[in-house]
Amino acid sequence: MKNKKGFTLTEILLAVMILGVVGVALASLTTAASREAGIGRSRVVLRENLSLALRQLRQDVHDSTQLWYARGAVDTTVPSGAVPLLLLLTNSTFDGAQVDTGNQFYILYCFQPGPVAILDDGRPVQPMDSRDEGIIYRKKKQFSNVSSIAWADTYNPSCGTPSSDSEFEVFLEHVKFIPVTTSGYPVPLFQVHGVTGRYSHRDPTVSQKLGSELLLKLILELPTLPVLNDVTEETFILRNGFWEFRS
């Protein structure tokens, strides 16, 4: 009888097992590489968006002639609506009078905390817990004089509902919210250097000192696995500082 060459059943099963192990390893490597590439792309997008936003803010601060309001830290539990962060005036004197006819603007930044609550070791969500997916909005609007602004005589500018106000534009997304009541690093933070809490030019009960620095702290975060975040701290120089206001 002629001897026939071939593979035994044991050899075939062994080969299939080896191919299976190699296939699983390759699939794992491919999945890991794809995940890392996705994380890298997301991180690049976060940083690019932050860079563009900081460039816009830097330009707004440079063009402004007066800082009218800076909130400092959002020192409450999760706000039910948008909160003002920063108000700048252009081409106006310290009392709000017009300098350049037809070219006087205010620039208002508002923050809307996101809906994604952060859990800590399975605890129930507390009202003061941090949130992800917040949005900072920006509005630039022309006005004739300060008295024509509805909130000119209050300590806090009014944001209304930026998401439904066509005059607002999205300035920055994926902004993390941490109130000062739960952390030593509250964000977002827009604060005048040397002033504790908020600064308002319209507050007659507070004696402010002349200053020239605006401090900014932000955390951009994607609630993914793993969590992606980008932390930034910036100092902006105010061209005319802010006014000493006494009662």
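Lys 176 is buried, at a relative accessible area of 8%. Here buried means under 20% relative accessible area, exposed means over 50%, and partly exposed lies in between, with a 1.4 Å probe and protein chains only. The residue is found in strand E7. Helices (H or I, at least four residues) and strands (E, at least two) are DSSP runs, numbered from the N terminus.

This is a predicted model, in which local features need pLDDT of at least 70 and side-chain atom pairs count only at pLDDT 80 or more, while totals for chains, interfaces and linings use all residues. Residues are numbered from 1 along each chain as its sequence is written, and side-chain values use heavy atoms, with hydrogens and water left out.

A salt bridge here is a side-chain nitrogen of Lys or Arg within 4 Å of a carboxyl oxygen of Asp or Glu. Side chains of opposite charge can pair when their charged atoms come close. Asp 132 is buried too, with a relative accessible area of 1%.

Lys 176 also forms a salt bridge with Glu 221, and the closest N and O atoms are 2.9 Å apart. Glu 221 lies in strand E10 (residues 211-222) and Lys 176 in E7, so this pair ties together parts that are 45 residues apart in sequence. Glu 221 is buried as well, at a relative accessible area of 9%.

Strands E6 and E7 hold another charged pair. Glu 169 and Arg 138 meet through their side chains in a salt bridge of 2.8 Å, N to O. Glu 169 lies in E7 and Arg 138 in E6, so the pair ties together parts that are 31 residues apart in sequence. Glu 169 is partly exposed, with a relative accessible area of 39%. Arg 138 counts as buried, at 8% relative accessibility. The structure has nine salt bridges by this rule.

Next come the rings. The structure holds four aromatic pairs. In one of them, the ring centres of Phe 111 and Phe 177 are 6.1 Å apart and the planes stand at 40 degrees, so the pair is tilted. This pair also links distant parts of the chain, with Phe 111 in strand E4 (residues 105-112) and Phe 177 in strand E7, 66 residues apart. Both phenylalanines are buried. Rings of Phe, Tyr and Trp (its six-membered ring) pair if their centres lie within 6.5 Å; planes under 30 degrees apart count as stacked, over 60 as edge-to-face and the rest as tilted. Ring pairs also link Tyr 109, Phe 171 and Phe 190 into a cluster.

A charge sits over one ring. Lys 140 lies over the face of Phe 105, at 4.9 Å from the ring centre. The rule asks for NZ of Lys or CZ of Arg within 6 Å of the ring centre and within 35 degrees of the ring normal.

The structure holds one disulfide, a pair of cysteine sulfur atoms within 2.5 Å. This disulfide joins Cys 110 to Cys 159, with S to S at 2.0 Å. Cys 110 is in strand E4 and Cys 159 in the loop between E6 and E7, 49 residues apart. The link is left-handed, with -90 degrees about the S-S bond. Cys 110 and Cys 159 are both buried.

Finally, strand E1. Five of the five residues of E1 (residues 66-70) are buried, so this strand is largely enclosed by the rest of the structure. E1 runs antiparallel to strand E3 (residues 83-90), joined by four bridges. Gln 66 has Leu 89 as its bridge partner in E3. E1 also runs antiparallel to strand E9 (residues 199-200), through two bridges. There, Tyr 69 stands opposite Ser 200. Two strands pair if DSSP finds at least two bridges between them.
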